[in-house]
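Colleague: I would like to go through the labels attached to this structure and ask, for each of them, on what grounds it was given. Could you set the values beside the cut-offs as we go?

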Amino acid sequence: MTDVFPTTHATWLIERSELAPDDARQHVMQRYFEPLCAYARASSLRYLGEPTELVNDFLASRLSDPLYLRRWSASGMALRRWLANGLLTHARNRALAEARRNRTGTTVDPAELERMTASHSTDALLALERVWAVRTVTEAHERVHSELVAEGRGAWWELFRLHGMQGMSYAEACRITGVAPSNATNVHRSVALRLRDALRAILEREGIRSEEIDRELTLMQDMLG
């Protein structure tokens, strides 16, 4: 199998697709349904069908193929871009099939359809990236928060949240959380580093090569302002 589909990066997702394919499908649906819907709404695909229905149909079709995620892994592409490419192709093929069956009562102009699905629009890609970045950062935050609570360090997370995310002074955050003011900077730095490690782990799991992770983190920071 590896000779047919040379693996450019081993990922958690590929392992799950082989050992527990239902888990892999569920993961992709949960992580990429909303980003792909945002992409469809911001692109010409919205004229080819209701975005949520279109994305559902696409994911159900592709993820039923046990080799689909292996083909993605061999491509070397980020999964969100691979899925966006696939959505374009799926939407075009579905529109042509519906026209042939005359389900819509209209005739799809092949030239216009080709124009609509020939490439990604900038607005659509930005919409995809923003929603994907929000979901990725949210997952990392939830992971680190859960880990700190399990370690009995919930106050560390609260200090990070109050100071780093809400802009509260260290003095006020320490008063609320009980963290010693002399240790506040170290606590904040420690949580920030754990968040960055969590983000790197998530990106690696999604197939981002190690040499591209810093660029991806910068892109996410830009997307989220």
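Modeller: Let us start with Tyr170, which lies in helix 9 (residues 170-177), where helices (H or I, at least four residues) and strands (E, at least two) are DSSP runs numbered from the N terminus. Please keep in mind that this is a predicted model, in which local features need pLDDT of at least 70, side-chain atom pairs count only at pLDDT 80 or more, and totals for chains, interfaces and linings use all residues. Residues are numbered from 1 along each chain as its sequence is written, and side-chain values use heavy atoms, with hydrogens and water left out.

Colleague: What does Tyr170 touch, leaving aside its neighbours within four places in sequence?

Modeller: With contact taken as heavy atoms within 4.5 Å, Tyr170 is in contact with Leu159, His163, Ala184, Thr185 and His188. For Ala184, which is 14 residues from Tyr170 along the chain, the C-alpha atoms of the two residues are separated by 6.7 Å.

Colleague: What makes Ala24 buried?

Modeller: Ala24, in helix 2 (residues 21-42), has a relative accessible area of 1%, so it is buried.

Colleague: Where is Arg135 found, and why does Arg135 count as partly exposed?

Modeller: Arg135 is found in helix 7, and its 31% relative accessibility is why Arg135 counts as partly exposed. Not counting residues up to four places away in sequence, Arg135 touches Gln30, Arg31, Glu34 and Pro35, and from Arg135 to Glu34 the C-alpha to C-alpha distance is 9.0 Å, although the two are 101 residues apart in sequence.

Colleague: What makes helix 7 oblique to helix 8?

Modeller: The axes of helix 7 (residues 122-150) and helix 8 (residues 154-165) come within 7 Å and cross at roughly 140°, which makes helix 7 oblique to helix 8. Axes here are lines fitted to C-alpha atoms, for helices over the stretch in contact, and angles run from 0 to 180 degrees between N-to-C directions; angles under 35 degrees count as roughly parallel, over 145 as roughly antiparallel, 65 to 115 as roughly perpendicular and the rest as oblique.

Colleague: Which residues of helix 7 and helix 8 meet?

Modeller: His141, Val144, His145, Leu148 and Val149 in helix 7 meet Gly154, Trp156, Trp157 and Met165 in helix 8. The residues of this contact divide into six nonpolar, three polar and no charged, where Ala, Val, Leu, Ile, Met, Phe, Trp, Tyr, Cys and Pro count as nonpolar, Asp, Glu, Lys and Arg as charged, and the others, Gly among them, as polar.

Colleague: How many disulfides does a search of the whole structure find?

Modeller: The search finds zero disulfides, a disulfide being a pair of cysteine sulfur atoms within 2.5 Å. As for the cysteines themselves, Cys37 counts as buried because its relative accessibility is 0%, and Cys174 counts as buried because its relative accessibility is 5%.

Colleague: How many helices and strands are there in the chain?

Modeller: There are 11 helices and zero strands. Of the 225 residues of the chain, 42% count as buried, and residues 24 or more positions apart account for 70% of the contacts with a separation of 6 or more.

Terms used
Buried means under 20% relative accessible area, exposed over 50%, partly exposed in between (1.4 Å probe, protein chains only).
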